[in-house]
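Dear colleague,

Please find below the structure that I am handing over to you. My findings follow directly after it.

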Amino acid sequence: MMTFRESIRPSADLRNHYNEISRQCRENKEAVVITVNGRGDTVSIAYEEYRRMRARIELLEILAESEEDVKFDRVAPVQETFDDLRRLLTEENR
């Protein structure tokens with residue numbers, strides 16, 4: 001499981017020390033919580049970390065849908081599924 005290290009910085013640091021915060025996110029794989037008036041406002045993370053997080057979330061959503069399909073018996077035998085896919089692919093290639 002991926003865990004983020006976090007640090008907290010005031011919004012003024014984002015304006016005045018952007019390059020430092022950006023490097024901190026990228027090199028340390030650290031999430032930086034930006035505060036406004038002492039309260040969390042936004043979070044900055046490296047773009048690559050953001051992409052990985054989105055991919056994990058999308059996978060978790062697919063798994064949750066799959067679990068629901070199994071729970072409500074919306075399943076088909078694997079052979080039937082592959083036969084359907086072969087049929088669709090054959091029709092598309094005509």
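Whereas a compact globule of 94 residues would have a radius of gyration near 12 Å, the protein has 22 Å (taken over C-alpha atoms, the globule rule being 2.2 Å times the number of residues to the power 0.38). This is a predicted model, in which local features need pLDDT of at least 70 and side-chain atom pairs count only at pLDDT 80 or more, while totals for chains, interfaces and linings use all residues. Residues are numbered from 1 along each chain as its sequence is written, and side-chain values use heavy atoms, with hydrogens and water left out.

Along the principal axes, the C-alpha atoms fill a box of roughly 60 × 35 × 20 Å. The elements run β-α-α-β-β-α-α from the N terminus (DSSP runs: helices are H or I with at least four residues, strands E with at least two). Of the 94 residues, 16% count as buried (under 20% relative accessible area; exposed is over 50% and partly exposed in between, with a 1.4 Å probe and protein chains only).

The structure holds ten salt bridges (a side-chain nitrogen of Lys or Arg within 4 Å of a carboxyl oxygen of Asp or Glu). One of them joins E20 and R9, with the closest N and O atoms 3.2 Å apart. E20 lies in helix α2 and R9 in strand β1, so this pair ties together parts that are eleven residues apart in sequence. R9 is buried at 10% relative accessibility, whereas E20 is partly exposed at 34%.

In helix α4, R87 and E91 are four residues apart, about one helical turn, and their side chains meet in a salt bridge of 3.7 Å, N to O.

Yours sincerely
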